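Q: I have just opened this one and would like to talk it through with you. Could you bring it up so that we can look at it together?

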Amino acid sequence: MIKEVIVVEGKDDTAAIKRAVEADTIETNGSAIGEAVLRRIELANKRRGIIIFTDPDHAGERIRKIVARHAPGCKHAFLPQEQAYYKGDIGIENASPEAIRKALAELRTETDDIAGEVTWDDLMQAGLIVHPDAARRRLEAGKRLGIGYANGKQFYKRCTSFRITKQEFLDALKGLDEGG
């Protein structure tokens, strides 16, 4: 049984989570999250903690940001897009139970600590920003770090708020120039 409540987008995501683990969920019902749902999320975060586990797409990232603003100190689970893809659809509901369990085993906890080890210059030197192949490089580095894909600014914020160490960062960069 997962102690925290897992925040997902919809009922199909809840079904996929329950096939993988024993857990309670709160469904946002898409990106137009109502005030009542946000209050339930805030209460769950105070009482049990929450894990945000949204689809690895633009809408899922938007929902993740909204929920995280209302749930300080929450945990995040990330699933690579290729593990959530089925017949043109990207979503948690498409992931295997094994992929879901792996994502839940590699949680990242958000903090307000803004003094991280990874600097903006580190991202620039690693070719994760201001580089012709920066998006692909961030995608791969995000997978390796377990923080998902993000644009440059959001990637930096995740490195900071998830307290990615300099060594974790450097390890994630190994072999990036070879494309894998």
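Q: Glu61 and Arg64: buried or exposed?
A: Glu61 is buried, and Arg64 is buried as well, where buried means under 20% relative accessible area, exposed means over 50%, and partly exposed covers what lies in between, with a 1.4 Å probe and protein chains only. Please keep in mind that this is a predicted model, in which local features need pLDDT of at least 70 and side-chain atom pairs count only at pLDDT 80 or more, while totals for chains, interfaces and linings use all residues. Residues are numbered from 1 along each chain as its sequence is written, and side-chain values use heavy atoms, with hydrogens and water left out.

Q: OK, and what do the side chains of Glu61 and Arg64 do?
A: They meet in a salt bridge, at 3.6 Å from N to O; the term stands for a side-chain nitrogen of Lys or Arg within 4 Å of a carboxyl oxygen of Asp or Glu. Both Glu61 and Arg64 belong to helix 3, where they are three residues apart, about one turn of the helix. Helices (H or I, at least four residues) and strands (E, at least two) are DSSP runs, numbered from the N terminus.

Q: How many salt bridges does the count come to?
A: The count is 14 salt bridges. Among them is the one joining the side chains of Lys102 and Glu106, at 2.9 Å from N to O. Lys102 counts as partly exposed because its relative accessibility is 46%, and Glu106 is also partly exposed, with a relative accessible area of 39%.

Q: Which residues are linked in a network of salt bridges?
A: Glu82, Glu140, Lys143 and Arg144 are linked in that way. Within this group, Lys143 forms a salt bridge with Glu140, and the closest N and O atoms are 3.9 Å apart. Lys143 and Glu140 both sit in helix 6, which covers residues 134-145, and they are three residues apart, about one turn of the helix. Lys143 is partly exposed, since its relative accessibility is 31%.

Q: Changing topic, which residues form the positive surface patch?
A: A positive surface patch is formed by Arg62, Lys65, Arg69 and Lys153. Patches are made of residues with over 30% relative accessible area and no salt bridge, with like charges joined within 9 Å and nonpolar side chains (Val, Leu, Ile, Met, Phe, Trp, Tyr) within 5 Å. Lys and Arg count as positive here.

Q: And which helix gives the most to the positive patch?
A: Helix 3, residues 58-70, gives the most, with three residues. Lys65 lies in helix 3, and Lys65 is partly exposed because its relative accessible area is 39%.

Q: What makes the nonpolar surface patch, then?
A: Trp120, Met124 and Val130 make a nonpolar surface patch of about 320 Å². Val130 is found in the loop between helix 5, residues 120-125, and helix 6, and Val130 counts as exposed because its relative accessible area is 74%. Val130 also has a positive phi of about 50°, although it is not a glycine.

Q: What about phi of Asn29?
A: Phi of Asn29 is near 60°, a positive value in a residue other than glycine. Asn29 lies in the loop between strand 2 and helix 2, and Asn29 is exposed, since its relative accessibility is 57%.

Q: Thr28: buried or exposed?
A: Thr28 is buried, because its relative accessible area is 1%. Thr28 is found in the loop between strand 2 (25-27) and helix 2 (35-47). The C-alpha atoms of Thr28 and Ile63 are separated by 8.1 Å, with the two residues 35 apart along the chain.

Q: Last one: which residues touch the most other members in the largest nonpolar core?
A: Of its 19 residues, those are Ile6, Ile17, Val21, Phe53, Leu79, Ile100 and Leu104. Strand 1 (5-8), helix 1 (11-20) and helix 4 (97-105) each supply at least two residues of this core, and helix 4 gives the most, with four residues. A nonpolar core is a set of buried Ala, Val, Leu, Ile, Met, Phe, Trp, Tyr and Cys residues joined through side-chain atoms within 4.5 Å. In soluble globular proteins, nonpolar side chains tend to be buried together.

Definitions and conventions:
Accessible areas come from the Shrake-Rupley method with a 1.4 Å probe; for residues, only the protein chains shown count as cover. The place of a charge is taken as NZ of Lys, CZ of Arg, CG of Asp or CD of Glu.
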